[in-house]
Amino acid sequence: MDSFQAGDPLYLKRRVKGCSLEVHPTERALVVQYEVEATVLGELGNPMVGERKECQKIIRLKSLNAHTDTSSLARKIVEECQLIHSSKLREVEQLLFYLQNRKQSNDDDKEKSRISPRDFTPCAGVEDEVATINSIDEYVELLYEDIQEKIRGAALIFQLARNPDNLEELIQNETVLGALARVLREDWKQSVDLAMTIIYVFFCFSSFSQFHGHVTHFKIGALCMNIIEHELKRYDLWQDELQKKRKAYEEFSENPNLRKEHEKSFRKYQSLLTKQEQLLRVALCLLLNLAEDPRTELKMRNKNIVHTLVKILDRDDEKLLVVVVSFLKKLSIFLENKNDMAETFAVEKLSRLVPCDHEELLSTNLRLLLNLSFDTSLRGQMVHAGLLPKVSSLLADEAQRQLCMCILYHISMDDRFKSMFADTGCIPQLMKMVFDCGEKKMDVELISLCINLAANKSNAKVICEGNGLKMLMKRAVKLKDVLVTKMIRNLSQHSGPTKSLFLEHVGDLASQISEEEEAEEFVIECLGTLANLTIADLDWALVLEEYNLVPYLKERLKPGSAEDDLILEVVIMIGTVSMDDSCAAMLAKSGIIPALIELLNAQQEDDEFVCQIIFVFYQMVFHEATRDVIVKDTQAPAYLMDLMHDNNAEIRKVCNNTLDIIAEYDEELGKKIQNEKFRLYNCQWLDMVENRPMDEAGQPFLYGEDGEPFIGDRDILERPDLFYSDDGVISADGAISPEFYTDIQDGELGQTGYMSSLSEQFVPAGRPVRPDKQAVYNYNAASR
């Protein structure tokens, strides 16, 4: 093309054809691809020589943002760019709309390019001198002169290295990198400018992976580590010296000389600090590039790179901090580096930078904190460093919102910190974001965080304030949103005013259960929410009748009729409604109890099912209307007596309480239950005796602490203190009283040393207390 442009324009014909448009892969810009056809014409206008060349033009759109009018901007682009035909106006507008809504990438390549060779200002004295690749040998010769000449030679070589087209040729000249590496190794302490310029040259090579081997060959990475360590020590000395002069000035403030000396020292300190931070910045960027190789990164870690980087976090230079935080983010994906950051309390220093005005620094910092937030102990450090309210305040920033929600989600996983969210402005902002979604699909990060927060009572109160619960119910029912319904279910588990708010929504939930077209996951959450509503004012009999739920519940109790999770929720629901007399009678008449026994047989290896079914039996034996059905018409008592031997403590507990009530009601069964309890206690006693520790002679320990035998030389039958009085276990006639069996509770002794009565520990007040939820849902699977 250049040869054509230099000729006589009368004989040159140029034509542009094949124009196409696309968006830039990383920047907010349009790329215009076109082909230039150039033809040299003869004197008579005949084509003599022709050539085609593919070209592209990049139209950068720095002002494009979420509020830009894309239609107006598209018209302006078409008018000003002659390469784009007016017929492509609609296409330009569509591409602009895509760019406007595209999330800007922030990957590692972008992070490594945070410093560019073009950012560097040449040293004084060589600004106007233009370097040429043909004079490279002369520049190398300058590296053997004095310091100033070495700086000049390095600066001229750097001018060449800034152009990527020259790097291949510089690599082929074996003396260039060798001479630079030698000068850096020998003279870096003598001049910061010299060290910085040479490191910039090697940084240009490190920006391309194919040249990493040449950089590591001269051990530039290790040398940079030494330079950084030395500069940090110098910084500490500067700080100490400045502190001494400040203290002297403050003590003798009337002395004008001390004031001038302090001001002079401070100006010098600032000048030195500016240069040092530029040196640290380029050295760390070079190391960050070389750290692409895991083996090189491991060598850096062995030289305490994490401690060095954390120490630099105290600086205020934002450009330097961007590089440092980017480096830490890259290192944080390895366990050893993460542990080093925990030891050096990096989180406390990072919290100082949240929030900050530098958008790139803030974003990179949040990404690093997100990596660290996977660790439980580091999440604790974040909370103690005050990051919870800081990160919550950033939810209003759309650019950082997703990162903030991910960090807050990790913190919300820990029960220790859930309640702290109620004291921040986090929950109102989250609720606003939920309602702003309308009928659109909600971000999984947002709803996951809300589900976690709803599990805390204080948070639930804030969530339900105003029309919070009503709006959530409206969305859940209208869109059949499983995750929102899961959040509502967590809200329903808290006692007090929050649970009372659900009274007006019982119908909405119940109407979703019997509809066959509903997804099982959605029905499971609706059932779980209703099962949590243990409200005294709620007429469950009316709910069951109005929504015809009894046939549905009975049908779902059949093994294999649905997924186990749904069947389990049905059992829990039955346990909740059974606290009402009329509901219990309605369920008993419908034949649900035999269905429960059939399900118990089918799911006898599943502790969750067994415990919940037994709890239904426990609820029903309270009511006269259902007690006869349980005791006389079913084999439930036999199953309960069998389950007294179960390995699961919660199952044994509910069994014993249920059997105690049956024993009081039915005398014949009461005797069987007492005999079974005695047999169980006997087995436990014999097992304990068999497993008692033995003394050195192989005999059981029958002696007290003083070495005297417990029985002494007397006959055991002559020990009246071993017998019990009238209020003890053994009655006056020497027979064991029936109350002794009643006091047995799974081998657990009460305060008196004997096994306390279950009926005393488990007295129902209104609705019988259900076994602890954690116990119900988190059994350790134990084989029976």
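**Close-up 1. Helices α12 and α15 in the predicted model.** The axes of α12 (residues 256–290) and α15 (residues 318–331) come within 9 Å and cross at roughly 25°. Angles under 35 degrees count as roughly parallel, so α12 is roughly parallel to α15. The crossing in which α12 passes α15 is left-handed.

**Close-up 2. Residues in the contact of α12 with α15.** From α12, the contact is made by E277, L280, R281, L284, C285, L287 and L288. On the α15 side, the residues are K319, L320, V323, V324, S326, F327 and K330. Sorted by class, this contact has nine nonpolar, one polar and four charged residues.

**Close-up 3. H623 in the loop between α36 and α37.** The loop that holds H623 lies between α36 (607–620) and α37 (624–632). Is H623 buried or exposed? H623 has a relative accessible area of 8%; buried means under 20%, so H623 is buried. Leaving aside residues up to four places away in sequence, H623 touches S578, M579, D580, D581 and A584.

**Close-up 4. Helix α33, residues 564–577.** This helix has 14 residues. From its first C-alpha to its last, α33 reaches 20 Å, close to the 20 Å expected at 1.5 Å a residue. How many of the 14 residues of α33 are buried? Twelve are, and α33 is mostly covered. The buried residues of α33 are L566, I567, L568, E569, V570, V571, I572, M573, I574, G575, T576 and V577.

Conventions: Residues numbered from 1 in each chain as written. Predicted model: local features only at pLDDT ≥ 70, side-chain atom pairs only at ≥ 80, totals over all residues. Heavy atoms only, no water. Axes fitted to C-alpha atoms, helices over the stretch in contact; angles between N-to-C directions. Helix = DSSP H or I, 4+ residues; strand = E, 2+ residues; numbered from the N terminus. Parallel < 35°, antiparallel > 145°, perpendicular 65-115°, else oblique. Left-handed = near helix turned anticlockwise from the far one by under 90°. Contact = heavy atoms within 4.5 Å. Nonpolar A, V, L, I, M, F, W, Y, C, P; charged D, E, K, R; others polar. Buried < 20%, exposed > 50% of the residue type's maximum accessible area, 1.4 Å probe, protein only. Expected span 1.5 Å × (residues − 1).
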